[in-house]
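Me: I would like to learn how to read a few features of a structure. Please go through them one at a time.

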Amino acid sequence: TVNPSENHSSASFDDPLSTSNDSAWSKFFEDDELRDTIKLDL
Amino acid sequence: PIYSMANFGELVLVIGDHHIPSRSNVIPEKFRRMLVPNKMQHVICTGNLGSREQYDELRQLAPNVHVVSGDCDEMVGGTNDMPQMPPTRVVQIGEFRIGVIHGHQVLPWGDHMALAGIRRKLNVDILVSGHTHQNEVVEHDGCFHINPGSVTGAFSPTQTKLVPSFILLAVQGSTVVCYVYELINDNLEVSKTEFTKKDISSSLSSY
């Protein structure tokens with residue numbers, strides 16, 4: 001039986017849902033409004 | 001394409017037992033900041049969402065949403081405009097067949113021998129269930145039983161310690177990494193377990 005109740009800080013591994021280190025590019029791809037605005041500007 | 005998530009494989013949010021608004025008001029803010037569109041490819045929900053609005057929010061998160069009905073969904077059926085959901089589902093993601101059931105039908109609730117019977121009946125590698133409001137990732141006979149707990153930490157008559165939680169699966173072919181997210185005293189705790197389908201018991205590892 002394996003139970004991951006031994007919690008570890010997410011700092012010790014990559015966390016796909018981490019909000020602490022979002023790059024500008026990831027924000028760009030996740031923000032539809034920002035992406036559309038930039039398209040209009042171009 | 002999900003550029004920032006590419007190296008994690010297919011991301012599957014496993015969530016349920018919201019009970020909004022009957023037992024809780026909202027999903028905790030720290031969770032809401034993480035659960036945004038364009039990160040996950042699938043949502044698997046164990047049911048008992050509580051309202052049509054919660055279902056619509058799940059549909060905003062990912063293109064593929066797989067929901068089963070919970071015991072409370074059956075009680076409120078037709079009164080909150082919730083579409084009728086099946087009691088079980090089977091989803092193929094990567095090389096894994098994943099079965100989903102709310103869990104109130106499995107007696108005793110949360111019992112792994114009883115869950116194994118459902119898992120064999122559905123012929124799946126991973127069985128997702130809820131209802132107990134206690135998250136779990138358990139190996140059983142070389143397969144896995146996963147329970148995301150309650151995302152709101154909603155009241156349950158069987159739990160004295162109510163911890164809001166959900167799970168994220170990162171599937172790459174025959175390998176899946178399972179992340180458990182919990183709010184303990186409003187602090188986010190994340191744990192990670194990785195397993196592969198082939199030779200599943202020997203390749204299991206925790207971090």
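Me: Is His133(B) buried or exposed?

Reply: The terms rest on relative accessible area: buried is under 20%, exposed is over 50%, and partly exposed lies in between (1.4 Å probe, protein chains only). At 5% relative accessibility, His133(B) counts as buried. This is a predicted model, in which local features need pLDDT of at least 70, side-chain atom pairs count only at pLDDT 80 or more, and totals for chains, interfaces and linings use all residues. Side-chain values use heavy atoms, without hydrogens or water, residues are numbered from 1 along each chain as its sequence is written, and chains are lettered from A and ligands numbered from 1 in the order in which they are written.

Me: Where does His133(B) lie?

Reply: His133(B) is in the loop between E6 and E7 of chain B. Helices (H or I, at least four residues) and strands (E, at least two) are DSSP runs, numbered from the N terminus. His133(B) is not a glycine, yet has a positive phi of about 60°. Asp186(B), another residue other than glycine, has a positive phi near 70°. Asp186(B) sits in the loop between strand E10 (175-184) and strand E11 (187-196) of chain B and is partly exposed, with a relative accessible area of 47%.

Me: In what order do the 5 strands of the open sheet in chain B run?

Reply: Strands of a sheet pair through backbone hydrogen bonds, either parallel or antiparallel. Here two strands pair if DSSP finds at least two bridges between them. The order in chain B is E4-E5-E6-E8-E7, with mixed pairing. Strand E4 (88-93) and strand E7 (136-140) of chain B are the edge strands, each pairing on one side only.

Me: Which pairs are parallel or antiparallel?

Reply: E4(B) and strand E5 (residues 96-101) of chain B are antiparallel over 6 bridges, and Ile93(B) stands opposite Phe96(B) in E5(B). These two strands, E4(B) and E5(B), form a hairpin with 2 residues between them, and Gly94(B) in the turn has a positive phi of about 60°. E5(B) and E6(B) are parallel over 4 bridges; Val100(B) has Val128(B) in E6(B) as its bridge partner. Strand E6 (residues 126-129) of chain B also pairs with E8(B), in the parallel sense over 3 bridges. There, Ile126(B) has Phe144(B) in E8(B) as its bridge partner.

Me: Which way do the residues of E6(B) point?

Reply: In a regular strand the side chains alternate between the two faces of the sheet. Ile126(B) and Val128(B) point one way from E6(B), Leu127(B) and Ser129(B) the other, and all are buried.

Me: Which residues line the largest cavity?

Reply: Rolling a probe the size of a water molecule over the atoms shows where empty space is left. On a 1 Å grid over the protein atoms alone, a cavity is a set of points where a 1.4 Å probe fits but cannot get out, and lining residues have an atom within 4 Å of a point. The lining consists of His112(B), Leu115(B), Ser129(B), Glu136(B), His145(B), Ile146(B) and Asn147(B). Helix H4 (112-122) and strand E8 (143-147) of chain B are the elements that give two or more residues, and E8(B) gives the most, with 3 residues.

Me: Which peptide bonds are cis?

Reply: One joins Ile20(B) and Pro21(B), with omega about 10°. Another runs from Leu107(B) to Pro108(B), with omega near -5°. Pro108(B) lies in the loop between E5 and H4 of chain B.

Definitions and conventions. On a 1 Å grid over the protein atoms alone, a cavity is a set of points where a 1.4 Å probe fits but cannot get out, and a pocket is an open set with protein on both sides within 12 Å along at least five of seven lines; lining residues have an atom within 4 Å of a point.
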